Amino acid sequence: MVKKVAVIGAGVSGLSSIKCCLDEDLEPTCFERSDDFGGLWKFAETSNDGMTRVYRSLVTNVCKEMSSYSDFPYQEDYPNFMDHKKFWEYLREFAEHFDLLKYIRFKTTVRSVTQRPDFSETGQWDVVTETDGKQHRAVFDAVMVCTGQFLSPRLPPESFPGIHKFKGQILHSQEYKIPDAFQGKRIMVVGLGNSGADIAVELSRIAAQVFLSTRSGAWVISRSSRGGYPFNMMLTRRCNNFIASVLPSCFISWGKQKQLNHENYGLSIAKGKESKFIVNDELPSCILCGKVTMKTSIKDFTESSVIFEDGTIEVNIDAVIFCTGYEFSFPFFEEPLKSLCTKRIMLYKRVFPPNLERTTLAIIGLISLTGSILAGTELQARWATRVFKGLCNIPPSKKLMAEATKKEQLIKRGVIKDTSEDKLDFISYLDEIARCIGSKPNIPLLFLTDPRLAWEVYFGPCSPYQYRLMGPGKWDGARNAIMTQWDRTIKPLKTRTLPKSPETATLSRYLKVWGAPLLLASLILFYKSSLFLKLLQDKLQGRVFPSRALWYIPQHP
C-alpha cells in the first residue's frame, strides 16, 4: 500500500502535490535544490545556479480568479494581474495556511530515482539525494516529479545558420533579468512568445531600436477585455467552448483577424502554422510607434548583421536575445524511462508513463494549456494521489504502451499530427482529468438543484473552484467562491469611488458579462434545432421564388 511519497521540486506544482498527498493521508517528502520554494517564481538577480527564474518586470498573464488553487482564493485586494513578488506572496500564504513547508527539504538535489528489485510487486523506488555534498538513500512507495518544463534553454544552432559568425552579445531569455545593460543598443529578439513580446516591449523603452523576429506569428491579446474585465474571465467559459465547437474554424479565424487586425502589424499567423495566443498590452502600440519592428524568420548572420528570409537585412545589431523556449529532461531517471518521460505524447493523459507495471510515478506540470497551468497541475496532483491509493484506476501498462507506440508510429508516418507541443484546451483538459477523479461539475444536475450556481458555472468563468463542487475533494466553500469571484475581481479597482446608482451598475455589469454569451448560445441552439428547420421547410414548401432558390429546402418522401 502506498504511503510514503517523494515530491521532486517545490514550485507551483510541487506545493499542490504536497497538499494533495496530505489530503489523501499520504506522507510526502519534498526535495528542493534551491534554498526557497516557488520555483521559477522566486526572482533572483542572476541565473548562475542554472535555474530558470522570472525576469524582474514579469506580470502574470492569467488573472487571479482563473489561476488560484481551487480551495484557496486570493485575498480580495490582490490585483487581478500581479508581478512576481505578489504571486510569490500568494504561494507563501498557501504554503503556510496548509502547513506545507515542514515537508520540504531545501538545498537537496535528487541524483537518481530507480525501481527497486521487487518493483513489480511493491511499486517502490530508491531515491538518492545530495545535501551539502553528502548523499542519502531512501525508499518511497511513489514519486511525483514536479520539476516543470523550463529547465534547459533551447537554442538549436542548426536553426540559425551563421550564428557562430556573429560578434555581438548572444543570450537566451533565461539569462535576461533587467534591461539596463541594453541602453541605446540595437537589439534583435528572436521568438514571438510571451517572453519574447515582454522583453521586446521592455527593451523598446531604452534601446535605440528593437527588432522582433517570428516564423509563425501570433494572436496578441490584451489583459483587459472590451468591457474592462480580465480577458480570461470573459473568454474561458463553458458556453464559449460550446460556441467554438459548433462554429466553422474558418469563421473563428476570420473573426480574430477582423478584431485584432494583425495583418497590418506583421503579427498574423503564417500559412500552415498553428494558431497561438500571446498576452501583451503594449506590443501593438510599440509597433505603431516604430519602437519595435516586426521581422520574418532569420536566414543567416554576419559579424554584425542579420539576414532574413524575405531578403531584408538589419545592420549594426549589438545583441541577439533568443526567446526560443526550453528543453525538459529527467536526469535522475535511467533509460528507457528517461527518454519515455520526455515524450509528452507518450504519457497517459500527460501524467503517467505507460511502461510501468505499477502506477507509482506521476509527472506533474509537463503541460501547456490555454489557461492557468497552476489549475491544471493541481488537478493532475489530485488525480495522481488517488491513483496511488488505488481509488482511481488507469488501463494496464501493456494496453497503454501499445496505444502510445501506435500513436508514435502514426506520427512518424505522417498519418496524424504531433500535438505534443500544442497548447491543450483549458476546459477540455481539466474536465478530462476531473472526470477521472469524479469531480467534474454535473451541469444538468446543477440546473435542477441550484439554477443560480449552474448559471455561473456554465455561462460564467470556468474558474478552478468549479472542480471542488462535487465528488472527491469537495470543498464547502466552492459555491461561495464562485458566487463572489466578480466581487474579488472588482474590489482592487475600487480605489476611487464615484457616485452611481447601485441598480444601474449591477444591471450594466450583468449585461456586459452575460449578455453576449447568452445571446450567441441561444442563437446557435435555435439555429441547430430541428424544430427551426421544420418550420422553415413548412413555410417555404411550394413557395420557391427564382431569386431565392438557394434557400429552398427540398422535402423528402
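Q: In which helix does Glu378 lie?
A: Glu378 lies in helix H10, where a helix is a DSSP run of H or I with at least four residues, a strand is a run of E with at least two, and both are numbered from the N terminus. The model is a predicted one, in which local features need pLDDT of at least 70 and side-chain atom pairs count only at pLDDT 80 or more, while totals for chains, interfaces and linings use all residues. Residues are numbered from 1 along each chain as its sequence is written, and side-chain values use heavy atoms, with hydrogens and water left out.

Q: How many helices and strands are there in the protein?
A: The protein has 18 helices and 20 strands. Of its 557 residues, 47% are buried, meaning under 20% relative accessible area with a 1.4 Å probe and protein chains only (exposed is over 50%, partly exposed in between). Contacts can also be sorted by separation along the sequence: among those between residues at least 6 apart, 68% join residues at least 24 apart.

Q: Why does Glu378 count as buried?
A: Glu378 counts as buried because its relative accessibility is 3%. Its contacts (heavy atoms within 4.5 Å), leaving aside neighbours within four places in sequence, are with Ser16, Cys20, Tyr69, Ser70, Asp71 and Arg468.

Q: At what angle do the axes of helix H1 and helix H10 cross?
A: An axis is a line fitted to C-alpha atoms, for helices over the stretch in contact, and angles run from 0 to 180 degrees between N-to-C directions. The axes of H1 (residues 12-23) and H10 (residues 373-388) cross at roughly 35° and come within 9 Å. From H1, the contact is made by Val12, Ser13, Ser16, Ser17, Cys20 and Cys21; from H10, by Leu374, Thr377, Glu378, Ala381, Arg382 and Thr385. By class, 5 of these residues are nonpolar, 5 are polar and 2 are charged.

Q: Is His84 buried or exposed?
A: His84 has 5% relative accessibility and therefore counts as buried. This residue lies in helix H2 (residues 84-97). Beyond its neighbours within four places in sequence, His84 is in contact with Trp41, Phe43, Val54, Tyr55, Arg56 and Leu58. The C-alpha atoms of His84 and Leu58 are separated by 6.4 Å, although the two residues are 26 apart along the chain.

Q: In what order do the 5 strands of the open parallel sheet stand?
A: Two strands pair if DSSP finds at least two bridges between them. Here the order is S9-S18-S10-S11-S14, with parallel pairing. Strand S9 (169-172) and strand S14 (292-295) are at the edges; each has a single partner strand, so one side of each is left without a neighbour in the sheet. From one strand to the next, the twist averages 20°.

Q: Which bridge partners does Val189 have in S11 and S18?
A: In S11 the bridge partner of Val189 is Leu212, and in S18 the partner is Ile321. Strand S10 (residues 186-190) pairs with strand S11 (residues 209-213) in the parallel sense over 5 bridges. S10 also pairs with strand S18 (residues 319-322), again in the parallel sense, over 4 bridges, and Met188 stands opposite Val320 in S18. Of the 5 residues of S10, 4 are buried, and the strand is mostly covered.

Q: Which residues cover the two faces of S18?
A: In a regular strand the side chains alternate between the two faces of the sheet. On one side of S18 are Ala319 and Ile321, on the other Val320 and Phe322, and all are buried, with both faces covered. S18 also pairs with S9 in the parallel sense over 4 bridges, and His172 stands opposite Phe322.

Methods: Nonpolar A, V, L, I, M, F, W, Y, C, P; charged D, E, K, R; others polar.
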